[in-house]
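Welcome! Have the sequence and the 3D view open as you read.

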Amino acid sequence: MPFGFLRRAKKRVTGVVKQAIIRHHKNSGTVLFSDTTLRDGEQMPGATLDPDDKLRIALALEEAGVHSIDAGFPASSPADVEAIRRMVGVVKKPVLTALCRTVRGDVDAADEALHGNPTNKRGVSLFCGTSPLHRQFKLQKSEAEVLRIITDSVAYASEKFEIVAFSPEDASRTEIPYLCQCYREAIDAGATTIGFPDTVGILTPEKAAAFIRAIQDGVPNLDKALLAVHFHNDLGLAVANTLACVAEGANVVQCTINGIGERAGNASLEEVAIALALHPEQYGVEFKLDTTKLYGLCQLVSELTGLPLARNKPVGGENIFATEAGIHQDGLLKNPDTYLPYRPEKVGASGLTLVIGRHSGRRAVAHRMHELGYELSEDQILAVLQSIKDVPKEERITDELLKQFARRVATPARLTHAGNKSVGQFDQG
Ligand code: KIV
Ligand code: ZN
């Protein structure tokens with residue numbers, strides 16, 4: 001008997017502490033980054049990661065300062081269990097969460113996989129389809145039945161976990177009154193985070209923002225849970241939608257590195273982060289992410305998934321700090337800010353690259369020749385530029401080729417090789 005009393009007292013204290021933490025997060029003016037590269041990202045065809053790769057990425061995410069990592073779906077695959085087991089006790093700062101359907105067995109599998117992690121660093125993320133399409137065709141259940149499944153599983157999960165997120169799958173196509181009812185009852189059953197997933201990536205920023213306002217109006221107990229948003233990129237709007245929801249007061253943004261994920265992918269973490277970093281006055285939130293780790297994270301995820309980055313991919317792509325256009329090269333040499341929204345070091349990239357090609361101008365060619373050890377006159381530079389333009393368009397202008405052109409028009413002023421430094425390393429204006 002006295003033990004039952006102690007258990008109840010402990011639960012009450014835990015509940016009070018939990019609520020205090022949630023209140024603190026909600027009032028802190030901070031947005032939390034939750035990364036789902038290892039779960040939703042890995043769902044992308046061709047992106048399979050083995051447990052060692054997942055651990056490497058999780059450690060890199062920890063170093064960057066993400067708040068939580070959606071580490072996998074234990075009930076769906078033994079490889080996910082193995083990956084999570086490797087992270088337990090090793091990845092220490094972020095909360096590790098495991099994905100679960102709204103069934104008790106999935107919660108038990110998550111409990112086992114996360115066994116040994118401190119209670120404030122382990123959680124579950126439950127999902128259940130709520131839209132008419134999901135209720136009718138996937139689940140073949142009524143609104144009331146779906147609600148019962150949600151409340152039963154959330155209550156069960158909150159007996160085992162202090163951190164319990166619930167997401168109504170296909171939320172963006174769910175009737176708003178029913179959606180809000182699901183949230184209200186999930187919070188009453190113990191959910192500490194409610195998620196808003198735009199599962200099929202159908203929303204626009206204005207509609208996404210309207211959903212957040214409707215949830216704030218229709219869920220009176222929202223003060224007891226964090227509100228997380230999760231966007232897919234089918235319209236190319238996942239990042240814009242995420243930002244629109246931050247502006248409306250979302251507390252958590254769920255993203256993936258390089259935007260990898262189902263179909264067109266998810267909101268890309270590095271793009272959301274850099275937008276928030278560059279426009280603090282617009283969003284009025286802080287976040288605890290080290291943006292100088294972003295470029296490295298993009299390269300790491302690309303390397304380990306084997307999914308190459310498009311050259312023009314914001315933040316991580318090869319072209320982001322490279323230019324071939326003469327006018328831009330001239331401006332960048334005078335002051336890099338003339339043609340950049342932010343400096344490479346902001347995201348941890350090594351510097352600017354002035355690509356020499358048929359669009360390059362005199363100044364960039366002279367600069368590169370100087371780096372290669374050739375001091376050329378104006379006329380000699382013009383002659384080199386002509387030679388560059390005569391190179392067939394499928395051929396790259398390599399340093400070897402440039403040296404040949406230089407030797408044709410001049411003798412080296414100094415033969416010491418200046419190395420392959422990029423502009424960013426020694427001429428930042
Ligand atoms: O997009 C989605 O609906 C999901 C759920 C599992 C939350 O990823
Ligand atoms: Zn998703």
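Is Lys313 buried or exposed? Lys313 is buried, because its relative accessible area is 11%, where buried means under 20% relative accessible area, exposed over 50% and partly exposed in between (1.4 Å probe, protein chains only). This is a predicted model, in which local features need pLDDT of at least 70 and side-chain atom pairs count only at pLDDT 80 or more, while totals for chains, interfaces and linings use all residues. Residues are numbered from 1 along each chain as its sequence is written, chains are lettered from A and ligands numbered from 1 in the order in which they are written, and side-chain values use heavy atoms, with hydrogens and water left out.

**The whole chain**

- The protein chain holds 18 helices and 10 strands; helices (H or I, at least four residues) and strands (E, at least two) are DSSP runs, numbered from the N terminus.
- Its C-alpha trace spans about 95 × 40 × 40 Å along the principal axes.
- Of the 429 residues in the protein chain, 53% are buried.
- Among contacts with a separation of 6 or more, 75% come from residues 24 or more positions apart; contact means heavy atoms within 4.5 Å.

**Around Lys313**

- Lys313 sits in the loop between α13 (294-305) and β9 (322-323).
- The side chains of Lys313 and Glu271 are joined by a polar contact of 2.5 Å. A polar contact is a pair of N or O atoms within 3.5 Å; within protein, one must be able to donate a hydrogen and the other to accept it, and residues adjacent in sequence count only if both atoms are side-chain atoms.
- Leaving aside neighbours within four places in sequence, Lys313 is in contact with Asn258, Ser268, Glu270, Glu271 and Ile320.

- His230 and His232 are both buried.
- The residues around ligand 1 are Arg39, Asp40, Leu99, Phe127, Glu169, Pro197, Thr199, His230 and His232, each with a heavy atom within 4 Å of the ligand.
- A polar side-chain atom of His230 lies 3.1 Å from an oxygen atom of ligand 1, and a polar side-chain atom of His232 lies 3.0 Å from an oxygen atom of ligand 1.
- For Arg39, an N or O atom of the side chain is 3.0 Å from an oxygen atom of ligand 1.

**Neighbouring strands**

- Strand β2 (residues 68-72) is mostly covered, with 5 of its 5 residues buried.
- β1 and β2 run parallel and are joined by 2 bridges; two strands pair if DSSP finds at least two bridges between them.
- Asp35 stands opposite Ile69 in β2.
- On to strand β3 (residues 95-101): β2 pairs with β3 in the parallel sense over 4 bridges, and Ile69 stands opposite Leu96 in β3.
- From β2 the chain passes through helix α4 (residues 78-87) to β3, a right-handed β-α-β crossover. Right-handed means that, with the strands pointing away from the viewer, the path from the first strand over the helix to the second runs clockwise.

**Thr30, a loop residue**

- Thr30 lies in the loop between α1 (2-27) and β1 (32-35).
- With a relative accessible area of 14%, Thr30 is buried.
- Beyond its neighbours within four places in sequence, Thr30 is in contact with His25, Asn251, Glu286 and Phe287.

**Positive phi angles**

- Most residues other than glycine have a negative phi.
- Asp170 is not a glycine, yet its phi is positive, about 65°. Asp170 lies in the loop between β5 (163-169) and α8 (176-189), and Asp170 counts as buried because its relative accessibility is 0%.
- Arg263 is not a glycine either, and its phi is positive, about 50°. Arg263 lies in the loop between β8 (252-255) and α11 (269-278) and is partly exposed, with a relative accessible area of 44%.
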